[in-house]
Amino acid sequence: DTFGAILDRNHIAYPRIYEIVESIKNTFNIRSLRPGKPYTLLCAKDSLQTPQTFIYQPNKEDFVVINFKDSITAYRSTKPIKYVEKEVTASINSTISQALEDKGVSLVLGYKMSDIYAWTIDFFRLQKGDKFKVVYKERYIDDTIYAGIEGIEAAYFEHNNEPFYSFSFQADSINKIHDYFDENAKN
């Protein structure tokens with residue numbers, strides 16, 4: 001449904017809907033509502049149960065609150081995120097994907113590792129006995145809901161008995177651009 005259809009179905013007239021949309025357009029564009037994304041209507045405790053607040057959650061972490069009880073206000077916010085540092089060590093028996101799956105780790109970690117070592121290691125030519133260790137961070141919403149891998153902090157990969165180190169370094173603190181460097185500070 002559209003924002004207007006949701007509110008109309010809940011007994012808010014279109015002139016009021018237009019007023020709400022115009023008041024919040026600098027904070028939230030109602031055209032960014034996507035099918036399948038959750039929303040909540042908080043209603044008055046009267047017999048009409050008139051909606052007073054609309055809460056939209058475009059993803060697991062972010063939400064938008066539109067309050068139209070008396071005056072019309074809107075704001076965006078993010079749920080509290082906890083970052084947990086983890087590490088995984090494995091040997092390659094068939095593929096890196098299989099090694100990660102055997103350890104119960106998201107395959108996204110393998111994609112991130114292949115990005116780091118893209119110009120150093122050919123991940124299609126890994127050999128049985130190659131091994132790796134990765135230190136990475138995972139995101140959790142409200143301490144309990146898994147929200148994915150934030151990034152790799154450090155990695156060690158041994159391919160054909162040759163060690164490859166990689167350490168994350170934020171070279172530009174203003175734009176938060178980081179890259180990976182080996183133990184000799186080479187990109």
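Q: On what basis are the values to be read?
A: This is a predicted model, in which local features need pLDDT of at least 70 and side-chain atom pairs count only at pLDDT 80 or more, whereas totals for chains, interfaces and linings use all residues. Residues are numbered from 1 along each chain as its sequence is written, and side-chain values use heavy atoms, with hydrogens and water left out.

Q: How many helices and strands does the protein have, and in what pattern do they follow along the sequence?
A: Helices (H or I, at least four residues) and strands (E, at least two) are DSSP runs, numbered from the N terminus. Here there are four helices and nine strands. Read along the sequence, they give the pattern α-α-β-β-β-β-β-α-α-β-β-β-β.

Q: How does the radius of gyration of the protein stand beside that of a compact globule?
A: The radius of gyration is taken over C-alpha atoms, and the globule rule is 2.2 Å times the number of residues to the power 0.38. For 187 residues a compact globule would come near 16 Å, but this protein has 24 Å. Its C-alpha trace spans about 75 × 35 × 25 Å along the principal axes.

Q: What percentage of the residues is buried?
A: Buried means under 20% relative accessible area, exposed over 50%, and partly exposed in between (1.4 Å probe, protein chains only). In this protein, buried residues make up 32% of the 187.

Q: Which residues have the most contacts inside the largest nonpolar core?
A: In soluble globular proteins, nonpolar side chains tend to be buried together. A nonpolar core is a set of buried Ala, Val, Leu, Ile, Met, Phe, Trp, Tyr and Cys residues joined through side-chain atoms within 4.5 Å. The largest one here has 23 residues, and those with the most contacts inside it are Ile 96, Leu 109, Met 113, Phe 132, Val 134, Ile 152 and Phe 157. Two or more residues each come from strand E5 (81-91), helix H3 (96-103), helix H4 (108-116), strand E6 (131-141) and strand E7 (145-159). The largest share, four residues, is that of E7. A second, separate core of 15 residues includes Phe 3, Ile 17, Val 64 and Ile 72.

Q: With which residues is Leu 109 in contact?
A: Contact means heavy atoms within 4.5 Å. Leaving aside neighbours within four places in sequence, Leu 109 is in contact with Val 88, Leu 100, Val 134, Tyr 136, Ile 149 and Ile 152.

Q: What can be said of Val 84 in strand E5?
A: Val 84 lies in strand E5 and counts as partly exposed, at 24% relative accessibility. Not counting residues up to four places away in sequence, Val 84 touches Tyr 136, Lys 137, Glu 138 and Tyr 140. The C-alpha atoms of Val 84 and Tyr 140 are separated by 7.7 Å, although these residues are 56 apart along the chain.

Q: What is the order of the strands in the open sheet of four strands?
A: Two strands pair if DSSP finds at least two bridges between them. In this open sheet the order is E1-E2-E3-E4, with antiparallel pairing. Strand E1 (39-43) and strand E4 (73-78) stand at the edges with a single partner strand each, so one side of each is left without a neighbour in the sheet.

Q: How many bridges join the strands of this sheet?
A: E1 and strand E2 (residues 51-56) pair over five bridges, and Tyr 39 has Tyr 56 of E2 as its bridge partner. E2 and strand E3 (residues 62-67) pair over four bridges, with Ile 66 in E3 as the partner of Phe 54. Six bridges join E3 to E4, where Val 64 stands opposite Arg 76 in E4. E2 and E3 form a hairpin with five residues between them, and E3 and E4 form a hairpin with five residues between them.

Q: What is the phi of Asp 143, and what is the phi of Ala 185?
A: Most residues other than glycine have a negative phi. Asp 143, in the loop between E6 and E7, has a positive phi near 65°. Asp 143 is exposed, with a relative accessible area of 53%. Ala 185, in the segment after strand E9 (177-181), also has a positive phi near 65°. Ala 185 is exposed, with a relative accessible area of 60%.
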